[in-house]
Amino acid sequence: MTEFTLNGQVVRTEDDPGTPLLWVVRDTFKLKGTKFGCGAALCGACTMHVDGAAVRTCTLPLNAVAGKHVTTIEGLGTPDDPHPLQRKWVALSVPQCGYCQPGQIMSAAALLASNPRPAESEVEDAMAGNICRCGCYPRIKAAILAVADDFLAEEVVT
Amino acid sequence: MKATRRNFLIGAGVVGGGLVVGFSMRGGPGAPRLQAVEGAYAPNAFLQIGPDNVMRFYCPRDEMGQGVTTGLATLVGEELDVDPAKLLVEFAGVHEEYGNPAMGGVQATGASNATSGHFLPLRQVGADTRRAIVLAAAQQLGVPAHEIATEDGHVLVRGERHPYGAFVETARTLPLPESTPLKSESQFRYIGKELPRIDSLEKATGTAVFGIDVDIPDMHHAVVQRSPVIGGTVVSFDARRARAMPGVVGVVEVASGVAIVAKQYWQAKKAAEAVRVEWDLPPLATVSSRQIEADYRHALAEEGESAESEGDVAAALAASRTVEAEYWAPYLAHAPMEPMNAVVRIGGGEAEVWTGTQALGIARGLVARVTGLDAERVVAHNTYLGGAFGRRATMTHVVEAAQAAQATGKPVQVLWSREDDIRSGVYRPASLMRIEAAMGADGTIAAWRAKRVGGNIVPGILRQMLPGLLPGMSGGVIDWAGDRVDGLFGGWLVEPTAVEGLAGDYDLPNREIAHVTKDHGLPLTFWRSVGHSFTAFAKESMIDELAAAAGDDAVDLRLRNTASNPRMHNVIRIAGDRMREMRVPEGRALGLAAHGSFGSFVAEVAEVSVAGGAIRVHNVLCVVDCGRVINPDVVRAQMEGSVMYGLTAALHGNLEVENGAIRESNFHDYPILRMNEAPAVEVVMVESREHPSGVGEPGVPPIAPAVANAVHAATGRRLRSLPLRPETA
């Protein structure tokens, strides 16, 4: 039995503790937003937050998150109440096929949480672990920088 | 294609979590009884208008990232007078009404032709449906039809605003109008406007459903152990250990190997490692890249088959100094981010299949073939495609899921690993090309002789698709047909995709295009931009080489030799003018290339630097003429993405064959361009009233030669082999 917090709710599972977190979340808890791309922590499609840090969950065993807080794309925002990054993704028509985007957004959210005003090169470095085969990189970068600008604007106002 | 009035049995299948995944119109005797959405007006296969004014659009083409749902919803919404963002887009099921008008009615998506093929037919669907609502409103309200206007899903009459849905009862009783006049350009509210994509929110929130996300009751998971050499067959296997492992319900032989079926994916994955398989390997097992390249080089000396011959090339080559060069392009995998997958459920004399595919009818046919059911008793559901690029027209994974479901009696999802994707796929053919060319005294290209050596894709595509297109045809007949086509292209005719783009864009009064078929047995298929993906590299590199040898300006040379190709000439002129104005920092240089494909014309300028043996592409300008633009931002996105896709091939893409096996396996040795390598891309669209042409692929071909030309400008080194590696020049 492994217990952890998934999008704010305490959950328990009998899954083999060696099962990568990705499959526990997708197949046992039926949250399908997080994607499988490579199985080797090379593409970032499976990115979730574990205690706030962006982690590749296709190689992270379930027992590594015992007692920890896991956030998935579903926990970041919903169609009715999207996260600022998700709003910007829509405003800039970032996605093409869309498959990698949950992972991209989770990496971006972790970046902005730790560095709300990243330089362009910092965005590139932080996002280099997430592959987009459709090549949405210019828009992903623009969206992250635009959200950072919005944060700054809010700070100035408030 | 003409939408006809029919009494469709239409409905939405609801599966897991209220997800609407599709519908069936035929609903054969064993198929689920699907009903039309309650009370909805369904005048044709594409539109349903509910009394609540909810409007569904059944999109006939597959969404693989190219924005086709946005584009086609815009076409139908324009004439229906409904904001395309308000249309509920459903992926169409299998039906002849959803055939691709640009592909002879086959229900498939590719060749960058969705917009051009549907531009008029889907607008007609929208116009006729709108007219039907107007006529119904006229009758119901007792007002002459000419006094009725429409706006965004509402009828406007005498200062009142009624939703279309208020008239669907009446509309159902009236004949459907036909050949309703379409809007003129000045009336467009949505076509040509900067509108956002309609699928972004789903895709940004993880709620968009891809094939891998389909989950049905009692669904089991299968992992397939595959032959290390493609085409190998199982001699025997030992699954004693695997069968005893947790969750495993079956280990069964399937066409492509041994499927391990378990309750959970990870259980199947772990158990697969415990299965030992003895393989009978095909002749491909004796082949390696070194030999393939040597065979190709040897074949260049052969005369080959003539694809095109005009004028007197020999005389023109003899009359002036000849520039001759050979260009190499390797095998490539498509590597879409979503690995191949399919769900199949069989039972009660019927079957269902869910998969994200470029050819849903083939998926249905493959399941029918495996199960022995009539295709009418198989319901096929499409989903979003997590990338495709030509890969998702081949569906070994559907066969595997059907066989595993059949053998175990469980609903099964097959999921490929990334290693499966790279090593057991279908590939962009490798090519060796030689071009000999000579300039005339007047600065025109006096002679052009080009030859390509490599495999053909059509025979393999037929073998891959016929079983699903014609589920009743025996395997023996399909093999026979494939062999005949092999023979046809291996010594008599030149397959068009093998040489497309080797000569097309320039005025070449004296030209010869020839082809030598060399097939080593690796399965080949379409890969974004197909033959153009390698021919443009040879052709556009040679144009720069010709200019350099003649002391000519490469842009001027292109302009001088495109007099009879005005749209090509125009994009070269625009890109060339911009290139001359660009001021690049020390250590960087510019290169230009242009190429026409899928009816569109694209010129690209790359700004590069070379340091430490690595090429860095900093900026790209892309000038495109794709006829009338339906959604400028979607075109922009496709050009940006095409540049990135083409750059991955230009800078990284390479598959090596070792004893018949693909050496590469995952993104560490088959790298994909990442954000820290991605250039900024500026897209310029030529304003045009021409019929819309391709957008998904034409941006790919020019980027590799543009970068190669820029590397030459930066370093003086001419790179003639893809991927471009300055250290090996």
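Predicted model: local features only at pLDDT ≥ 70, side-chain atom pairs only at ≥ 80, totals over all residues.

I begin with strand β1 (residues 2-6) of chain A, which runs parallel to strand β5 (residues 69-71) of chain A and is joined to it by 2 bridges; strands here are DSSP runs of E of at least two residues, helices are runs of H or I of at least four, and both are numbered from the N terminus. A:Thr5 stands opposite A:His69 in β5(A).

Residues are numbered from 1 along each chain as its sequence is written, and chains are lettered from A and ligands numbered from 1 in the order in which they are written.

The open sheet has 5 strands of chain A in the order β2-β1-β5-β3-β4, with mixed pairing, where a pair requires at least two DSSP bridges. Its edge strands, β2 (9-13) and β4 (53-56) of chain A, each pair on one side only.

Turning to the contact between the chains, 50 residues come from chain A and 50 residues from chain B, a contact being two C-beta atoms, placed from the backbone, within 7 Å. On the side of chain A that touches chain B, several helices each supply at least two residues, among them α1 (21-28) and α4 (101-114), and the largest share, 4 residues, comes from α6(A).

Finally, B:Ile260 touches, among others, B:Ala222, B:Val248 and B:Val275, leaving aside residues up to four places away in sequence.
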